[in-house]
Amino acid sequence: MSTLTLKDGTEIYYKDWGKGQPVFFHHGWPLSSDDWDAQMFFFLEQGYRVIAHDRRGHGRSEQTPYGHDMDTYASDVAEIVEALDLKDVIHVGHSTGGGEVIRYVAKHGNGRVAKAVLVSAVTPIMVQNENNPNGVPISVFDDIRNNTAKHRQQFFIDITFPFYGYNREGAKVSEGIQRNWWRQGMSGSIKAHYDCVKAFSETDFTEDLKSVEVPVLVMHGEDDQIVPFETTGKVAATLLKNGKLISYPGFPHGMPTTEAETINRDLLEFFKS
């Protein structure tokens, strides 16, 4: 099992497969690098070197009680990238991982990043406030925190229905995908998951998006019930200097899993462009 001990002593689990141009995948809340199985297998077969880590407190990484904020997450990624001496890297982030990607690229990626992809990402900011009146009310995130703290076992089953659009009429529900989501979530730290809600909902990535020079692809499902497209992906694309938006009618938040064939095709086209 590959692990790296960071400067603050936290042990981080990561996968590093293959050779070729590196593609670094960043997972969403409250999951692990396993959520990228469909992409890592595909791009390994396409001749890329694929890397993914379990964010601190998530998956197989150390359940440290501190550091669950976007600045620390981005710093952790920088340490992994430097330890593996990765260059010309394409960073791909889903949901919370999208925030991690854009913060990393903006603050630490100079000279090492080729491109970035934000998939169903929380950027530029999710929570409703004076500057983001159309955002998601804080009460929604308070409810996520409460359920995580007190009812995590059941909540991590229930949330898979809107996450994958399984609550939509005619949806074909995969119990295996639901169980895999629950497995990943329950392997992580309740403290990390609780604290991360603030990180993914209240962090403002507006200036990060504006500052990034490399090409950035924004991919978002128009039926995303977790991270609403109209106030995140649609807005994020307008803030980028070199951004491209692909929106997908009817696709859910968890589209890298449920719609892997389409997502992988569009990612590959962007990687090669």
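Arg145 counts as buried, at 11% relative accessibility. I begin with this residue in what is a predicted model. Arg145 forms a salt bridge with Asp142, and the closest N and O atoms of that pair are 2.9 Å apart. Asp142, at 37% relative accessibility, counts as partly exposed. Both residues belong to helix 4, which spans residues 138-158; they are three residues apart, so about one helical turn separates them.

A second pair may be set beside this one. In helix 8, residues 206-211, Glu207 and Lys210 are likewise placed three residues apart, about one turn of the helix. Their salt bridge has its closest N and O atoms 3.8 Å apart. Here Glu207 is exposed, with a relative accessible area of 56%, while Lys210 counts as partly exposed at 37%.

Across the whole structure, a search finds 21 salt bridges. Where in the chain do the partners Lys15 and Asp34 lie? Lys15 belongs to strand 2, whereas Asp34 sits in the loop between strand 3 and helix 1; the two are 19 residues apart, and the pair links distant parts of the chain. The closest N and O atoms of this salt bridge are 2.7 Å apart. Both Lys15 and Asp34 are buried. Salt bridges with shared partners bring these two residues into one network together with Asp37, Asp54, Arg60 and Arg183.

Eight strands make up an open sheet with mixed pairing, and their order is 1-2-4-3-5-6-7-8. Which strands stand at the edges? They are strand 1, residues 3-5, and strand 8, residues 243-248; each has a single partner strand, so one side of each is left without a neighbour in the sheet. On average, neighbouring strands of this sheet are turned by 20° against each other, direction ignored. Within the sheet, strand 2 (residues 11-17) pairs with strand 4 (residues 49-53) in the antiparallel sense, over four bridges. Tyr14 has His53 in strand 4 as its bridge partner.

Helix 1, residues 37-45, lies across strand 2, strand 3 and strand 4, and runs at about 160° to strand 4. Helix 11, residues 260-272, also packs on the sheet, where it touches strands 3, 5, 6, 7 and 8; its direction makes about 155° with that of strand 6. Asn264 is placed in helix 11 and counts as buried, at 5% relative accessibility. Beyond its neighbours within four places in sequence, Asn264 is in contact with Ala38, Gln39, Phe42 and Phe43.

Finally, some points of backbone geometry. The peptide bond from Trp29 to Pro30 is cis, with omega near -10°, and Pro30 lies in the loop between strand 3 and helix 1. Thr123 and Pro124 are also joined by a cis peptide bond, with omega about 0°. Pro124 is in the loop between strand 6 and helix 4.

That loop between strand 6 and helix 4 also holds Ser120, whose phi is near 50°, a positive value in a residue other than glycine. Is Ser120 buried or exposed? Ser120 is buried, with a relative accessible area of 0%. Asp85, which is not a glycine either, has a positive phi of about 50°. Its place is in the loop between helix 2 and strand 5, and Asp85 is partly exposed, with a relative accessible area of 42%.

Conventions
Residues are numbered from 1 along each chain as its sequence is written. This is a predicted model: local features need pLDDT of at least 70, side-chain atom pairs count only at pLDDT 80 or more; totals for chains, interfaces and linings use all residues. Side-chain values use heavy atoms; hydrogens and water are left out. Two strands pair if DSSP finds at least two bridges between them. Axes are lines fitted to C-alpha atoms, for helices over the stretch in contact, and angles run from 0 to 180 degrees between N-to-C directions. Contact means heavy atoms within 4.5 Å. A salt bridge is a side-chain nitrogen of Lys or Arg within 4 Å of a carboxyl oxygen of Asp or Glu. Buried means under 20% relative accessible area, exposed over 50%, partly exposed in between (1.4 Å probe, protein chains only).
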